[in-house]
Amino acid sequence: MKSLGFIEIPTVAAAIYALDTMCKTAEVEFVTWERKMGGRLVTVVVQGDVAAVTQAVEAAAKNAIKPLAAHAVIANPHEEIWRMIAISQEKLKESPAI
């Protein structure tokens with residue numbers, strides 16, 4: 001079963017660190033990210049099976065270099081959630097490369 005994991009954290013650097021932690025901790029895959037308030041609040045989304053996503057999100061929350069604004073795991077997301085994720089992925093594809 002696919003699930004989604006979310007980490008919302010201040011700063012892009014802290015988000016990248018959290019993503020690195022999640023990917024090294026469990027078998028999860030980066031899905032997309034969203035930057036709000038000029039990158040001062042960043043949401044990172046990963047996917048995988050429920051156990052892996054839960055382990056990854058918990059590890060990122062425990063080892064974060066900045067206090068998290070929020071974190072969540074959604075097991076078996078509704079199809080509308082997947083649609084929202086697809087919209088975010090399209091925006092990411094359209095943005096200029098760094």
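Biologist: In this predicted model, what share of the contacts in the chain with a separation of 6 or more comes from residues 24 or more positions apart?

Modeller: That share is 75%. A contact here means heavy atoms within 4.5 Å.

Biologist: What makes the chain agree with a compact globule?

Modeller: Set the value against the rule: for 98 residues a compact globule would have a radius of gyration near 13 Å, and the chain has 13 Å, so the two agree. The C-alpha trace spans about 35 × 30 × 20 Å along its principal axes. As for burial, 36% of the 98 residues count as buried.

Biologist: And which pattern does the chain follow along the sequence?

Modeller: Reading along, you get β-α-β-β-α-β-α. That comes to three helices and four strands.

Biologist: Why is strand β1 called largely enclosed by the rest of the structure?

Modeller: Buried means under 20% relative accessible area. In β1, residues 3-9, six of the seven residues are buried, so the strand is largely enclosed.

Biologist: How do you know that β1 pairs with strand β3?

Modeller: Pairing takes at least two bridges between the strands. Seven bridges join β1 to β3, residues 41-48, so by that cut-off they pair, and they run antiparallel. Among the facing residues, I9 stands opposite V42 in β3.

Biologist: On to the loops. Why is T11 called partly exposed?

Modeller: Partly exposed sits between the buried cut-off, under 20%, and the exposed one, over 50%. T11 has 28% relative accessibility, so it counts as partly exposed. You'll find T11 in the loop between β1 and α1. Its phi is near 75°, a positive value in a residue other than glycine.

Biologist: Why is N76 called exposed?

Modeller: Exposed needs over 50%, and N76 has a relative accessible area of 54%, so it qualifies. N76 lies in the loop between β4 and α3. Its phi is positive too, about 50°, although N76 is not a glycine.

Biologist: Last one: how many positive and negative side chains does the chain have?

Modeller: There are 10 positive and 11 negative ones, and the centres of the two sets lie 8 Å apart. The accessible surface comes to about 6000 Å², with 57% belonging to carbon and sulfur atoms.

Conventions. Residues numbered from 1 in each chain as written. Predicted model: local features only at pLDDT ≥ 70, side-chain atom pairs only at ≥ 80, totals over all residues. Heavy atoms only, no water. Buried < 20%, exposed > 50% of the residue type's maximum accessible area, 1.4 Å probe, protein only. Helix = DSSP H or I, 4+ residues; strand = E, 2+ residues; numbered from the N terminus. Rg over C-alpha atoms; globule rule 2.2 N^0.38 Å. Areas by Shrake-Rupley, 256 points an atom, 1.4 Å probe, with all protein chains shown as cover. Lys, Arg positive; Asp, Glu negative; His and termini not counted. Charge placed at Lys NZ, Arg CZ, Asp CG, Glu CD.
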